[in-house]
Amino acid sequence: MIRRILFSALFIAMGISMASAQKYPITIGPKGNTFYYNGAPIINKAHLKDYIYSSDEALRHFRMATTNEVFSYIFAFSGGFLVGWPLGTLIGGGDPEWYLLGIGAGLIVIGITLDFGRKNQLIKAVNAYNGSLDTVASAAPGYTLSFSATPGGLGLMLTF
């Protein structure tokens, strides 16, 4: 009977702590390629999406970044193929079609440009997420001990 009460109290406490979990701002690394949440690096874009899902504007920028990434890969890979084909023909001793090399170089430039757009959209998504956070909770002095869910699991988190 006592075990049931203790387990019930534990699950209620976990539910309350997860419902009122404090959100931390995401910081951007010096080159803009790495994102940090509460000091720990975010491994990939899927983890970044898990953090910013609460902000509609941040999610919109994230989706635009994903679209830019897909088209960047398509243009860059097809451009690489069109550059490699005439070069392979030249190495093989044939007569290369140089216009394919020019088209391929243009497609690679478009792919690189779209990749820069992807990076800028991810930075805009992080800035939109950080702008949507409650600034009163993060301005509190001292330290906070909370039991909450983190990407690594459940645990006690001491922030100061």
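The model is predicted, so local features need pLDDT of at least 70 and side-chain atom pairs count only at pLDDT 80 or more, while totals for chains, interfaces and linings use all residues. Residues are numbered from 1 along each chain as its sequence is written, and side-chain values use heavy atoms, without hydrogens or water.

**View 1. Helices α2 and α3 cross at roughly 160°.** Here α2 spans residues 45-52 and α3 residues 56-91, with axes that come within 10 Å (helices are DSSP runs of H or I, at least four residues, and strands are runs of E, at least two, numbered from the N terminus; axes are lines fitted to C-alpha atoms, for helices over the stretch in contact, with angles from 0 to 180 degrees between N-to-C directions). The crossing angle therefore makes α2 roughly antiparallel to α3 (over 145 degrees).

View 2. From α2 come K45, L48, K49 and I52, and from α3 come A58, L59, F62, T66 and E69 (contact means heavy atoms within 4.5 Å). By class, five of these residues are nonpolar, one is polar and three are charged (Ala, Val, Leu, Ile, Met, Phe, Trp, Tyr, Cys and Pro count as nonpolar, Asp, Glu, Lys and Arg as charged, and the others, Gly among them, as polar).

**View 3. Three strands form an open antiparallel sheet in the order β1-β2-β3.** The edge strands, β1 (26-28) and β3 (40-41), each pair on one side only (two strands pair if DSSP finds at least two bridges between them). Strand β2 (residues 35-37) is joined to β3 by two bridges, and Y37 stands opposite A40 in β3.

**View 4. Helix α4 packs on the sheet.** Spanning residues 98-132, α4 touches β1 and β2, and its direction makes about 145° with that of β1.

Terms used:
Parallel < 35°, antiparallel > 145°, perpendicular 65-115°, else oblique.
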